[in-house]
Amino acid sequence: MENFGHSLKAPSYRIQPKTSEEIYEAFQLARKMGLTVNARGGGRSYNDAALNGGGILLDMSAMNRILEWDSATGVVRCEPGVTLQNLWEKVLPDGWWPPVVSGTMYTTLGGCLAANIHGKNNFRMGPIGEHVVEFTAILPTGAEITCTPTKNADLFYSMISGLGMLGIFTSITMQMKKMHSGLLEVHAWPTHTLKEHLQSLEDGAPKYDYIVGWLDTINTIGHGQIHAANYLHEGEDPNPQKTMQLENQNLPSRLFGVMPKSLLHYFLTPFANNLGWGLVNTCKYIASLRRSTFRESHAAFHFLLDYVPLWELSYGRGGLIQHQSFLPKETALQAWIEMLALAKKQGLPSYLGVTKRHRPDKFLLTHAVDGFSLALDFKVTDGNRARLYKMLQEYDRIVLMNGGRFYFAKNSETSAETTRAFLGQETIDRFMKLKKRCDPNGLLESDLYRRIFCKQQTSSLRARA
Ligand SMILES: Cc1cc2nc3c(=O)[nH]c(=O)nc-3n(C[C@H](O)[C@H](O)[C@H](O)COP(=O)(O)OP(=O)(O)OC[C@H]3O[C@@H](n4cnc5c(N)ncnc54)[C@H](O)[C@@H]3O)c2cc1C
């Protein structure tokens, strides 16, 4: 099995359960065989969250039924292997949209809750967990539990964000958001310095439903673009029934109506080097210099990365990793200037830089801050793996020094020491106490868990360096 970016690999035994009973049977088998168990949803984590070298991986993709949908209230109950794509395609024609989505629609609800994903509206809507009405889960003991913000609240706030280490979600009930159009009104404008970029995110956030930034992290630090979007109010779309139909949302499968987009990543491969991406970034920046306002479908705005299927393969044999840092608004500028300058100095530039505005939340292993995040994609090669690992360790040091946090669905190198420093011993103790209660025999483990809580490097970047 591999991570999303194909940069980490870990062999494991795959079991594909269809029911809670089959999950429990997998736990019993693991106990008998002395193995550990980890769930895998869509396998879209950039790091080792959905890997379990030498152990059992529960492939949750067959538990993918939408169990109940109430188009009057917008409440939906799903099995955990339902993807965001399955979900929005079900609810949008009835005038609803998931309140929080990731930058790809191929994630599953189980994976989204385990990481407690954020969207481009994190500053306004919080993480996905804030829209969960109820979930059920099976624990390694065989106990089946139901959690809401008030019933089993300690488990509600720790299993959401808990990286699948306390139990396996078996059903998820969520509140969708009412829509009056299948379109968003998008505003795009350029930024010329990092300071201006962060100011734009901060000033823009209160005025928009969504805001996201792109940064040229290769050429001139701070060159970038902001995209901000608002929902249309009732009456602003002359034909909402039409714009909410799936054929007006779906990303086209062919480029210019001719070339299958599944082939596009082959054409990107020659650009996946410092020079090529430098050129792509320059062109993108020049194209972004004109301010513009336009209407765009929800799917096109949110899932831009899904436009090019398998784009991650264009990074070549070594694959890619992402480093996402979350910094308070007071320290983000100085921290990121230091980090981006270091990448330049080391000759290890990030090919894609994405910024967002965030606010804190009350989930136990939260990654959010009152500030910003910067996600940086790096190409991994046999030649740069060790240097990259070292540089990202330095990144983690800078983030910690500046009061920042880390996201466990992204970073591949964050160590147990760094985890303790940013989460705090008290939070880790609380999590471990809950783990002992839910999983007394320690069956649930992942490569990520061993790396951030047990000081073991398994499929991490360093292990292969
Ligand atoms: C292109 C791209 C864009 C992205 N954009 C964003 C973004 O905008 N915001 C964001 O927050 N994240 C983003 N991500 C990260 C992604 O949302 C998370 O990694 C998410 O957890 C992936 O969901 P998944 O179903 O693929 O889970 P996996 O990667 O398969 O697993 C993730 C975690 O969930 C656990 N898990 C899976 N199913 C269950 C279950 N049923 N019960 C308990 N635990 C379970 C796994 O054990 C693992 O710890 C992006 C990823 C990609 C590839």
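Reader: Which residue meets R397 in a salt bridge?

Author: This is a predicted model, in which local features need pLDDT of at least 70, side-chain atom pairs count only at pLDDT 80 or more, and totals for chains, interfaces and linings use all residues. Residues are numbered from 1 along each chain as its sequence is written, and side-chain values use heavy atoms, with hydrogens and water left out. A salt bridge here is a side-chain nitrogen of Lys or Arg within 4 Å of a carboxyl oxygen of Asp or Glu. At 4.0 Å, N to O, the side chain of R397 meets that of E338.

Reader: How many residues apart are R397 and E338?

Author: Helices (H or I, at least four residues) and strands (E, at least two) are DSSP runs, numbered from the N terminus. R397 belongs to helix α12 (residues 385-401) and E338 to helix α11, so the pair links distant parts of the chain, by the definition of these helices. Their separation is 59 residues.

Reader: Is E338 buried or exposed, or partly exposed?

Author: Buried means under 20% relative accessible area, exposed over 50%, and partly exposed in between (1.4 Å probe, protein chains only). R397 has 37% relative accessibility and counts as partly exposed. E338 has a relative accessible area of 39%, so E338 is partly exposed.

Reader: Which residue forms a salt bridge with R14?

Author: The structure holds 17 salt bridges. In one of them the closest N and O atoms are 3.0 Å apart, and R14 is a partner. R14 lies in strand β1 (residues 13-15) and the partner in strand β3 (residues 56-59), so the pair ties together parts that are 45 residues apart in sequence. The partner counts as buried at 12% relative accessibility; R14 is paired with D59.

Reader: Where does D209 lie?

Author: The side chains of D209 and R124 meet in a salt bridge (4.0 Å, N to O). R124 is in helix α4 (residues 122-125), 85 residues from D209 in sequence, so the pair ties those parts together. D209 is buried at 17% relative accessible area, while R124 is partly exposed at 35%. D209 lies in the loop between α6 (194-204) and β12 (210-215).

Reader: Which residues is M391 in contact with?

Author: Contact means heavy atoms within 4.5 Å. Neighbours within four places in sequence are left aside. M391 is then in contact with L342, A343, Q346, L348 and F378.

Reader: What is the bridge partner of E185 in β13?

Author: Strands β11 (residues 183-191) and β13 (residues 224-231) run antiparallel and are joined by eight bridges. The bridge partner of E185 in β13 is N230.

Reader: In the β4 and β5 hairpin, which residue in the turn has a positive phi?

Author: Four bridges join β4 (residues 66-70) to β5 (residues 75-78), and the two run antiparallel. E68 stands opposite R77 in β5. Four residues lie between the strands, and the one with a positive phi of about 80° is G74.

Reader: What is the relative accessible area of H302?

Author: H302 is placed in helix α10 (residues 298-302). Not counting residues up to four places away in sequence, H302 touches W97, V101, S102, G103, K120, L184 and Y210. H302 is buried, with a relative accessible area of 2%.

How values were computed
Two strands pair if DSSP finds at least two bridges between them.
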